[in-house]
Amino acid sequence: MSGPLAGLRVLDLTRVLAGPFATAILADLGAEVVKLEPPSGDDYRAIGPFRDGESALFALTNRGKRSVVVDLKAPEGQALARRMAAGCDVVVENFRPCVAARLGLGAEALRAENPGLVVCSISGFGQSGPDTALPAYDIIVQALSGWMDATGEAGGGPLKVGEALGDVAAGLYAAIGILAALVGRGRTGEGAALDVAMLDCLVAMLPTSHALHLYAGQSVARVGNRHPLSTPFGGYRTADGHVIIAVLGARQFAALCRLVGRPEAADDPRFATDEWRTAHEPEIRALIEDWSAGLSTDDAVAALRGADIPAAPILTLAGQLASAHAQARDLVAELPHHRLGRAPVVGQPLRFDGAKPLAPTGTPALGADTRAVLDGLGLSADQIAGLVAAGIVQETQA
């Protein structure tokens with residue numbers, strides 16, 4: 001496999017979303033990722049929507065991996081997992097805190113045998129603290145982090161973000177931490193134990209709320225689609241929907257005032273600074289919507305962009321993926337799939353020297369690589385047959 005992480009070996013002990021999201025990034029970048037699954041498979045294999053019996057969520061987050069089925073409830077299965085980890089550069093797990101250690105797969109035990117190993121533990125609330133044992137789902141973490149409290153219409157109730165942001169954020173920070181730890185290992189020869197908590201990640205991703213609370217001493221208020229600090233910065237009514245306008249600074253505001261036929265507003269002392277414009281947001285909204293409400297969204301966007309004012313319609317995902325820009329940027333790709341033939345994936349948004357790295361294969365069948373991986377550990381055919389017969393490992397014909 002080519003890519004900047006070619007030659008790197010990753011043992012993936014994760015399930016559902018946060019961990020698999022992180023290891024899919026590593027697979028795209030060229031790492032060999034071996035996904036260790038229980039006999040029932042990753043829970044996401046059974047979560048829809050489905051295409052021809054295959055989970056879309058599993059296909060999107062497990063591309064480029066090899067699947068090995070090992071029963072970690074059995075001591076022999078735990079020993080196999082430790083043997084795999086001894087030959088890897090990275091182990092990623094998202095068991096509840098203390099479970100990995102109980103299985104003999106905690107960072108301390110694995111690094112005692114392989115000091116250069118990077119062990120990344122992903123959980124809802126981290127490996128320490130009074131809430132560490134709480135079960136974590138994305139909506140729980142969004143509720144506790146400040147994200148839900150900050151999200152929603154002015155005067156309305158709190159809302160969750162429409163995507164599983166806590167899982168995705170933890171996956172991204174895990175990938176960042178793993179890569180940083182590998183750079184450190186290159187200097188010292190020592191690996192690292194990484195503690196990635198979904199809650200910590202979401203709290204870290206609230207810079208506007210931090211500014212209001214930590215610096216300005218203000219409560220964070222829900223403001224709907226507008227920006228809590230800058231104005232005009234949000235959604236404005238048109239004849240057939242809404243247009244998003246993002247104005248920052250006096251020059252852009254003056255251009256907007258000229259466009260809407262109110263050039264004198266740029267000199268109004270109420271609108272002299274971004275802070276004052278935000279304080280007088282209703283007046284500015286009325287000024288804009290007196291103009292925009294008479295135009296279609298497309299015409300409003302065209303006029304705003306023509307005046308060099310950042311503006312956009314609100315697109316569906318389908319609309320964005322069908323756009324010429326998305327097509328040119330290859331935002332969606334297809335990979336070979338053992339059952340579907342070809343399966344769509346949304347891979348790396350990064351480009352290296354103009355190229356977008358992507359794992360060469362789609363998701364594996366459950367246990368499709370069990371024999372090959374165990375062969376690589378030096379087990380004989382008779383030993384593997386014995387493990388299969390005992391139910392410790394499982395092979396699946398793709």
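This note comments on the cysteines, the nonpolar cores and the salt bridges of the structure above.

1. Basis of the note. The model is predicted, so local features need pLDDT of at least 70 and side-chain atom pairs count only at pLDDT 80 or more, while totals for chains, interfaces and linings use all residues. Residues are numbered from 1 along each chain as its sequence is written, and side-chain values use heavy atoms, with hydrogens and water left out.

2. Cysteines. A disulfide is a pair of cysteine sulfur atoms within 2.5 Å; by this rule the count is zero. For Cys-88, the nearest cysteine sulfur belongs to Cys-120 and is 14 Å away. For Cys-120, the nearest is that of Cys-201, at 9.3 Å.

3. Nonpolar cores. A nonpolar core is a set of buried Ala, Val, Leu, Ile, Met, Phe, Trp, Tyr and Cys residues joined through side-chain atoms within 4.5 Å. The largest has 36 residues, of which Val-10, Val-90, Cys-120, Ile-122 and Ile-178 touch the most other members. Among the elements that each supply at least two residues are helix H1 (18-28), strand S7 (118-123) and helix H8 (165-188); H8 gives the most, with eight residues. Helices (H or I, at least four residues) and strands (E, at least two) are DSSP runs, numbered from the N terminus. Another core, of 31 residues, lies apart from this one and includes Leu-72 and Leu-377.

4. Side chains of opposite charge can pair when their charged atoms come close. A salt bridge is a side-chain nitrogen of Lys or Arg within 4 Å of a carboxyl oxygen of Asp or Glu, and the structure holds 20 of them. One joins Asp-28 and Arg-63 at 2.7 Å, N to O. Asp-28 lies in helix H1 and Arg-63 in the loop between helix H2 (56-61) and strand S5 (65-70), so the pair ties together parts 35 residues apart in sequence. Both Asp-28 and Arg-63 are buried.

5. Partly exposed salt bridges. Asp-149 pairs with Arg-222, their closest N and O atoms being 3.3 Å apart. This pair links helix H7 (residues 147-150) to the loop between helix H10 (207-215) and strand S9 (233-238). Asp-149 is partly exposed at 40% relative accessibility, as is Arg-222 at 21%.

Conventions: Buried < 20%, exposed > 50% of the residue type's maximum accessible area, 1.4 Å probe, protein only.
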